[in-house]
Amino acid sequence: MKRLILFARSVIPEDPAQLFFLGGSVLLLISMQLRCFPLGPDYAPGSNVFLGGSYEDPFARAYQSWLLFSIAARLPIVFAGAAGLFICFWPGTHPVRRLFGFVCLPALAGVAAICGRSLYLAQQGGPHNQAWAFSTVWSLGPAVHMSAVGIALVLVFWSRLAMGITSLPLSLAHTEDAAPRQDEIWKRIRTFIWISVAAWPIGIVAFYSVLLRFVNYRSLPANAPLGAALGTGLLGGVAAWAIGEGRWKELRQFTRLSKTKFCMLGVTFPIAINLIPNLVAYLSDRIHWAAFELGKVSPPIFASYFRFPDPYYFWLLFSAAFEEIIWRGYLQPRFVQRFGVIRGVFLLGLVWSASHFLGDFQKTTEDYQVLLRLTSRLGLCVAMSYALGWLTLRSGSIWPAALTHGLHNVWAFSGAHSLDGQDPLLVKTIIWICWGLLGFALFRFWPPSNAKDVSDQLADIGAEPTWFDN
């Protein structure tokens with residue numbers, strides 16, 4: 001337990017108050033994906049009520065108008081979240097003024113616009129008192145709720161910063177200062193981290209917003225391979241720029257072919273883990289049949305609980321390969337070299353998970369779903385980061401990890417690991433626990449190369465080490 005506490009303390013900011021700033025900025029950043037309208041009696045969870053009605057219906061036109069307004073009003077809130085993550089790394093010479101001007105004011109303005117507009121539209125009939133106003137605003141959903149919580153967290157940190165109790169930029173405990181020659185490379189690494197978490201998702205949203213002006217949204221595929229490949233490829237180019245002069249030598253090294261046994265493990269891990277929920281469902285039904293229905297009905301058929309994923313989703317193998325070039329290829333050696341294997345892989349998993357926030361909160365209609373999806377994303381990516389990191393460190397190549405990552409995505413996006421009637425939360429929990437147990441077992445019983453070996457590899461290819469601190 002003591003070791004676990006020490007590890008937890010080593011992976012949070014040196015000043016724990018900075019977690020308020022980070023958490024508040026993330027909540028502001030994801031506000032665009034959350035529900036920002038009152039739930040009607042005909043609302044179906046996961047549906048988009050704004051785009052389903054006829055424009056000849058006054059009610060539908062009102063919702064369309066509110067959709068456009070709420071998107072415009074949330075733009076400064078999203079900007080505030082991105083600015084908050086930027087200020088974490090680059091507070092400038094006047095961090096108090098920068099934080100208040102670029103984070104607090106835009107977020108407050110956006111929330112005030114949404115609340116004011118909703119009260120104006122709802123003012124017809126009924127008593128207009130404080131309880132009515134609060135109820136009207138609260139009914140708008142998690143976009144307003146999470147924005148308010150994010151603003152509150154940022155203001156708490158801002159007040160402490162103004163009083164000199166806390167400080168910026170973001171820094172972790174138990175780290176050393178970077179050498180002067182390494183500082184420029186680290187600045188580019190920090191730029192990449194910010195782009196991958198904040199600027200890149202905002203750019204994708206802006207791109208599709210412009211595209212939808214010329215293309216009917218119904219004609220866009222749900223998971224367009226070209227768009228995913230283009231976005232991930234551009235992000236990979238930014239990662240290569242951040243690494244510096246040794247990028248091409250390093251690329252050739254970690255993209256070399258791996259031993260067959262590691263590729264086989266890369267295929268086996270995701271398939272086995274994603275079949276476990278189906279196996280649990282079969283065993284549960286089999287036990288229930290043996291206990292209550294033996295001799296009355298036929299037993300469950302084993303083969304009916306498993307199905308092959310839709311071949312369409314195998315294009316995800318290519319996007320996973322691009323991601324592994326970025327995270328396990330370019331960034332993991334530097335995180336490991338700076339923090340050690342266990343701590344470095346954990347921190348890399350946190351950053352990797354944050355880069356997925358863009359698609360995690362779409363159609364989120366309730367407050368509890370925000371916390372649930374945030375926890376699920378962080379837990380899954382950190383757990384998978386250890387399995388993917390182990391494969392890369394042991395094989396010296398990203399291809400086994402790319403196979404594992406890609407096949408997991410194929411099963412997840414195609415829904416092949418879930419059955420009709422299964423609780424999706426239970427399925428995700430089982431998979432998340434399995435990845436965590438796998439990562440623990442791999443690092444416990446077959447530990448990979450240590451940080452010194454990684455540092456020697458970086459030196460061999462002529463790349464200067466990069467440091468995750470100021």
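**Helix packing and a pocket in a predicted model**

Helix 10 (residues 260-293) and helix 15 (residues 399-414) have axes that come within 8 Å and cross at roughly 25 degrees. Axes here are lines fitted to C-alpha atoms, for helices over the stretch in contact, and angles run from 0 to 180 degrees between N-to-C directions. Helices (H or I, at least four residues) are DSSP runs, numbered from the N terminus. The structure is a predicted model, in which local features need pLDDT of at least 70 and side-chain atom pairs count only at pLDDT 80 or more, while totals for chains, interfaces and linings use all residues. Residues are numbered from 1 along each chain as its sequence is written, and side-chain values use heavy atoms, with hydrogens and water left out.

Given their angle, helix 10 and helix 15 are therefore roughly parallel to each other. Angles under 35 degrees count as roughly parallel, over 145 as roughly antiparallel, 65 to 115 as roughly perpendicular and the rest as oblique. Helix 10 passes helix 15 in a right-handed crossing, a term used if the near helix is turned clockwise from the far one by less than a right angle. On the side of helix 10, the contact (heavy atoms within 4.5 Å) involves residues including F262, L265, G266 and F269; helix 15 contributes P400, L403, T404, L407, H408 and W411. These contact residues divide into 12 nonpolar, four polar and no charged. In this scheme Ala, Val, Leu, Ile, Met, Phe, Trp, Tyr, Cys and Pro count as nonpolar, Asp, Glu, Lys and Arg as charged, and the others, Gly among them, as polar.

Helix 10 also packs against helix 14, at an angle of about 170 degrees and with the axes 10 Å apart. The two are therefore roughly antiparallel to each other. Here F262, L265, G266 and F269 of helix 10 meet W390, L391, R394 and S395 of helix 14, a contact with five nonpolar, two polar and one charged residues.

Helix 14 has a further partner in helix 12: their axes come within 8 Å and cross at roughly 130 degrees. That angle makes helix 12 oblique to helix 14, and their crossing is right-handed. Among the residues that meet are V341, F346 and W352 in helix 12, and R377, Y386 and L393 in helix 14. By class, this contact has 14 nonpolar, three polar and one charged residues.

The lining comprises 34 residues, of which L19, L22, V26, L350 and A354 lie nearest the centre. Elements giving two or more residues to this lining include helix 2 (18-29), helix 12 (341-354) and helix 14 (367-395). The lining has 29 nonpolar, three polar and two charged residues.

Definitions and conventions: 1 Å grid on protein atoms, 1.4 Å probe; cavity = no way out; pocket = protein on both sides within 12 Å on 5 of 7 lines; lining within 4 Å.
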